[in-house]
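Here is a short briefing to read alongside the model.

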Amino acid sequence: MNDENLMFPGDNLSTEEEFVSSRNTFIDNGNIRASIIGRTIIENGSIMVEGISREIKSFYRGMYVLGEITDDLHTIVFVKIDNFKKDKDVYISFKSGKIIMKSHAPSPRHQRDRDFEGNKMENKPFGVGDIILARITFDDKDVYTLDCGSIDLGVVYSKCALCDALLTLNDDKTSLHCSNCEIDVGKKISSMYNNSVAVEEFLYKNNR
Ligand SMILES: [Zn+2]
């Protein structure tokens, strides 16, 4: 079985123009999406999902997760948590994550004045669109509280806010660089930045 092709409920399979929606799929705004966990099958112009047996589990306190920063409210950022598979188990997140920011950046006005003009962007630990590795510290009723405090945790993948290019890690390991825009961006960076193999191994090893 090829895990790379595993689809989760809501995952986008194709558009209605490409294929005819068939078993275990639904149509959402012209897109065909999976309604169950399984593999995609294409047959005679139809697309369907064949279910596989997996045990569905919930994320737990202490678990490490990957997620994308979706909203930045300054004192709190919100995170869409990725589903996680390990052996026969599938962890599905039905809640968002949040990170409570410990302190405000000093003189944000001064920092903002330099955006787009100077060569230094506003230094914030996380930005919308960043992919982060985090640990669940609390499992609340409708949100997971996440923490990125340790050296392993933080941003693992980040794109330039100006030109969308992947940022590269500077030698100092504490800031990122866009070679198109010639800017440096300070963030809370994981020691596994842009190393998806290390991140996957870390998640597999540290999650039960
Ligand atoms: Zn750029």
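**Strand pairing and cores in a predicted model**

Strand S9 (residues 64-72) and strand S14 (residues 131-139) pair in the antiparallel sense over five bridges. Here two strands count as paired if DSSP finds at least two bridges between them. Helices (H or I, at least four residues) and strands (E, at least two) are DSSP runs, numbered from the N terminus. This is a predicted model, in which local features need pLDDT of at least 70 and side-chain atom pairs count only at pLDDT 80 or more, while totals for chains, interfaces and linings use all residues. Residues are numbered from 1 along each chain as its sequence is written.

**The chain as a whole**

- The chain holds two helices and 19 strands.
- Of its 208 residues, 25% count as buried. A residue is buried if 20 or more other C-beta atoms lie within 10 Å of its own, exposed if 12 or fewer, and partly exposed in between, with C-beta atoms placed from the backbone.
- Among contacts with a separation of 6 or more, 52% come from residues 24 or more positions apart. Two residues are in contact if their C-beta atoms, placed from the backbone, lie within 7 Å.

**Around strand S9**

- In the pairing with S14, Tyr64 has Arg135 as its bridge partner.
- S9 is also joined by five bridges to strand S10 (residues 76-81), and these two run antiparallel.
- Glu68 stands opposite Lys80 in S10.
- S9 and S10 form a hairpin with three residues between them, and His74 in the turn has a positive phi of about 70°.

**The nonpolar cores**

- A nonpolar core is a set of buried Ala, Val, Leu, Ile, Met, Phe, Trp, Tyr and Cys residues joined through C-beta atoms within 7 Å.
- The largest one has 32 residues, and Val65, Val79, Ile132, Leu133, Ala134 and Val156 touch the most other members.
- Two or more residues of this core come from each of S9, S10, S14, strand S15 (143-147), strand S16 (154-157), S18, S19 and helix H2 (196-206).
- Another core, of eight residues, lies apart from it; Met7, Ile32, Met48 and Val49 are among its members.
- As background, nonpolar side chains tend to be buried together in soluble globular proteins.

**A closer look at Ala134**

- Leaving aside neighbours within four places in sequence, its contacts include Val65, Gly67, Val79, Gly97 and Ile99.
- Leu153 is also in contact with Ala134; the two are 19 residues apart in sequence and 5.5 Å apart in space, C-alpha to C-alpha.

- An open sheet of three strands has the order S17-S18-S19, with antiparallel pairing.
- Strand S17 (168-169) and strand S19 (183-186) stand at the edges, each with a single partner strand, so one side of each has no neighbour in the sheet.
- Two bridges join S17 to strand S18 (residues 175-178), and Leu169 stands opposite Leu176 in S18.
- Leu176 counts as buried because it has 24 C-beta neighbours inside 10 Å.
- Leaving aside neighbours within four places in sequence, Leu176 has contacts including Ser158, Leu167, Asp184, Val185 and Ile189.
- Leu176 and Gly186 are 10 residues apart in sequence and 6.3 Å apart in space, C-alpha to C-alpha.
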